[in-house]
Amino acid sequence: MAALSFELAPVIAALPFVSFLIALLAGAFAPRLLPKGGAIPGIAATAGSLLLSAWAALAVWNSSEGVYHESITWVAGVGDAAFDLHFGILLDPLSTMMLVIVSLVAVLVHVFSLGYMNDEGETGLPRYYAGLGLFTASMLSFVFASNLLMAFMFFELVGLCSWLLIGFHFREPGPPSAAKKAFLVTRFGDYFFLVGVVGVFATFGTTAFAGSESFPHLAEQVLAGEASATTFLGLDPQAWFAVLGLLVLGGVVGKSAQYPLHTWLPDAMEGPTPVSALIHAATMVAAGVYLVARMYGFYALLPQVLAFIAFVGGFTALFAASMGVVKKELKQVLAYSTISQYGYMMLGLGAGGYVAATFHLMTHAFFKALLFLGAGSVIIAMHHNENMWDMGGLKEKMPVTYYAFLSGSLALAGIVPFSGFWSKDEVLYEALVHGLDSPLLLGAYAMGLLAVFFTGFYTFRMVALTFHGDPRTDTARDPHGVGWNVKLPLVVLGTLAAVAGLVNMVPVAELTGAHLEFLHDWLDAGPEALTAHHYGDLLPYSSGTIGTELTTVLLSAGVSLGLALAGAGLAWKLYAVADPDEHTDKLGSAKTVLFNNYYQDEYQVWIATGLTLPLARAADKFDQGVIDGVVNGVSSVSLLSGSRVKRIQSGVVTNYAFLLTASLVVLLVAIGLIGGWF
Amino acid sequence: MVPVQYYLLVSAAVFCIGVFGILTRRNALVFLMSVELMLNAANINLVAFSRFHGNLTGQMFSLFTLAVAAAEVAIGIGIILVLYRNFADVDVTNATTMRW
């Protein structure tokens, strides 16, 4: 049975791809035959993927070896130092868990789209569902990729699909520009990723993630002095591997919207709301963090890179959370919360909390998909007005949406016992215990901790402004109703956001001694080299404690919960009143800076127009003047001499005969002179 | 037996007469005759060397050359007829329209 579920693994990604083809072809040639504009094939395909993923996860759990790794060689190497390029599938606890999450969110997003796109009378639905299908298929293939090159290829496809879907409403001015920005900014990071992939090939001759011939394993052996590897730029292996790690990290920073490449994500809110849910929870943005987790065996060997990841993550968490505080539009707040939460995941990975970060990736997928779909429901109700200051009092009008959204918000803010509390707390705990010996990590921890307060504040500001108080506009007084296809995904995700944290309650386990760390067990189940336990052995960190281990756990959990409650309570007190004021105005000029996103866009545009453009102009001048000048010079000399020489064609036969004869004579004389006849 | 050098001298003389004709005359018919002279100068060479080496291949080639020369004359006379129709003359220096 297990073998069969492994054999069927490629179908997990093939099903959404088929739905993409159906939506594309039927949409182009027979739109009337396509049920619901392609939604039904999409739902069927992603539901099939979900079942197969869950089956594969069960099989991984049950089988002793727990991995299935098969490669198709699509380019065979020649020569001495040849390497082959493979397509393969790697199923281990991490990838199967991610497969389940991605396909689950994809099913729910497809169902929700029935309410958000079909019922709202959108046109171009086959194109929309084709995009969703390809997006899901690319992400699923990326998740089970067995090597870095294959992962890179599907990473790029994910970027392409985000471009297609963010720019879905291409007739309006905003979406195409946002789509281009998302594509270009992530491509900038992917450029480094590509160089990194080539570097890994050149160094190890393989890019496989798992097995004795995999690059993390080889790197481990090289650093232990048991093997040797080619290094470049005259660096020793440790430094060179750090360079490779940082290059690959470029792609991660772009896709997972970490500072300074986060600017595309808030603009990506121009896409349809279900697409935002998919991008933020399961596909696109999750891809970056997942990649670091996938090759964690490599990163765990590199203390400098880990510290860098942790610091960037902690900084991004705080930086994005502070901007979320002042935003007016519902989806903008959620966008900055996504950047901030992925910052936490990076902090967790950098701080050595592999399980913690994976845990947060899972809970975040649930509660962020929930929040976006809830926002989508509110947006339907508000006739596509997203400004929170035009809402208010929606709680009574749409109770299902309200309670689901509240569940997601409690999880996002990190209030016990909702899922976000357990995962965020574990991330912060890992950063604290490993940071007690490392000042840099402790700084990242401090930023992450401070961000908890901001997270609580902006989350409950958003909830209070949207659902509480008196309705502030006529639309909010009489909102549009939503159907079952909107409520069903909200209920499923609302439940998951509330209870998903129960799989890994570390503080409770420490306190009671009960065995509640199921995710730890799960991530330890795979092949030896890919387990959380093995990564723990590789990590360069030593952990300190404040008092005993128990007091450290409780202190960390207590402080983060206290800060979250303080932030949430403050927001509640300020905004959950009948007629709230815009209290953030009191921040004065600081608010202007926050509202303009710290002028990040402005300076990046300045880099483009003030620096890159003149440079490109200079290069263009050099190209036009020098390179093309040489080419044009050669051609004009040829033209000129040709126009002179052609005059010997006088049309008089006798002249031709003379030229022939004279040339023959000259030739004979020349040959004679060279041949020495005279 | 006459030594081969004499044949070569005759051949060179005939060839030079042909070249002289082409370079100095204007009449297209004289042109044709001069070309025939040059071709036959080559034939003399072929036959002479064939005899000198005792190998009949050269003589056979001269037969082919004669056939080719006959064909060439047929085309040449065709060209001269057209030349006459267009320019009412067979003077080759008048026909200078085919040039740059």
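This is a predicted model: local features need pLDDT of at least 70, side-chain atom pairs count only at pLDDT 80 or more; totals for chains, interfaces and linings use all residues.
I'll start with the helix pair. Two packed helices are described by the angle between their axes and the distance between the axes. The pair here is helix 9, residues 237-255 of chain A, and helix 12, residues 284-294 of chain A. Their axes come within 7 Å and cross at roughly 150 degrees. An angle over 145 degrees counts as roughly antiparallel, so helix 9 of chain A is roughly antiparallel to helix 12 of chain A. The crossing is left-handed.

Which residues make that contact? From helix 9 of chain A, they are A:Gly251, A:Val252 and A:Lys255. Helix 12 of chain A supplies A:Met284, A:Val285, A:Ala287, A:Gly288, A:Leu291 and A:Val292. By class, that gives 6 nonpolar, 2 polar and 1 charged residues.

Next, the core. The largest nonpolar core has 230 residues. Within this core, A:Val105, A:Leu278, A:Ala282 and A:Ala369 touch the most other members. Helix 16 of chain A, residues 354-381, contributes the largest share, 20 residues.

Take A:Ala282 from that group. Neighbours within four places in sequence aside, A:Ala282 is in contact with A:Ile101, A:Val102, A:Val105 and A:Ala106, with A:Met139, and with A:Ala365 and A:Ala369. Two of these partners, A:Val105 and A:Ala369, are also on the list of residues that touch the most other core members.

Last, the two chains. How many residues of chain B are in contact with chain A? There are 10, and they meet 11 residues of chain A. On the chain B side, 6 are nonpolar, 3 polar and 1 charged.

Conventions:
Residues are numbered from 1 along each chain as its sequence is written. Chains are lettered from A and ligands numbered from 1 in the order in which they are written. Two residues are in contact if their C-beta atoms, placed from the backbone, lie within 7 Å. Ala, Val, Leu, Ile, Met, Phe, Trp, Tyr, Cys and Pro count as nonpolar, Asp, Glu, Lys and Arg as charged, and the others, Gly among them, as polar. Axes are lines fitted to C-alpha atoms, for helices over the stretch in contact, and angles run from 0 to 180 degrees between N-to-C directions. Helices (H or I, at least four residues) and strands (E, at least two) are DSSP runs, numbered from the N terminus. Angles under 35 degrees count as roughly parallel, over 145 as roughly antiparallel, 65 to 115 as roughly perpendicular and the rest as oblique. A crossing is left-handed if the near helix is turned anticlockwise from the far one by less than a right angle, and right-handed if clockwise. A nonpolar core is a set of buried Ala, Val, Leu, Ile, Met, Phe, Trp, Tyr and Cys residues joined through C-beta atoms within 7 Å. A residue is buried if 20 or more other C-beta atoms lie within 10 Å of its own, exposed if 12 or fewer, and partly exposed in between; C-beta atoms are placed from the backbone.
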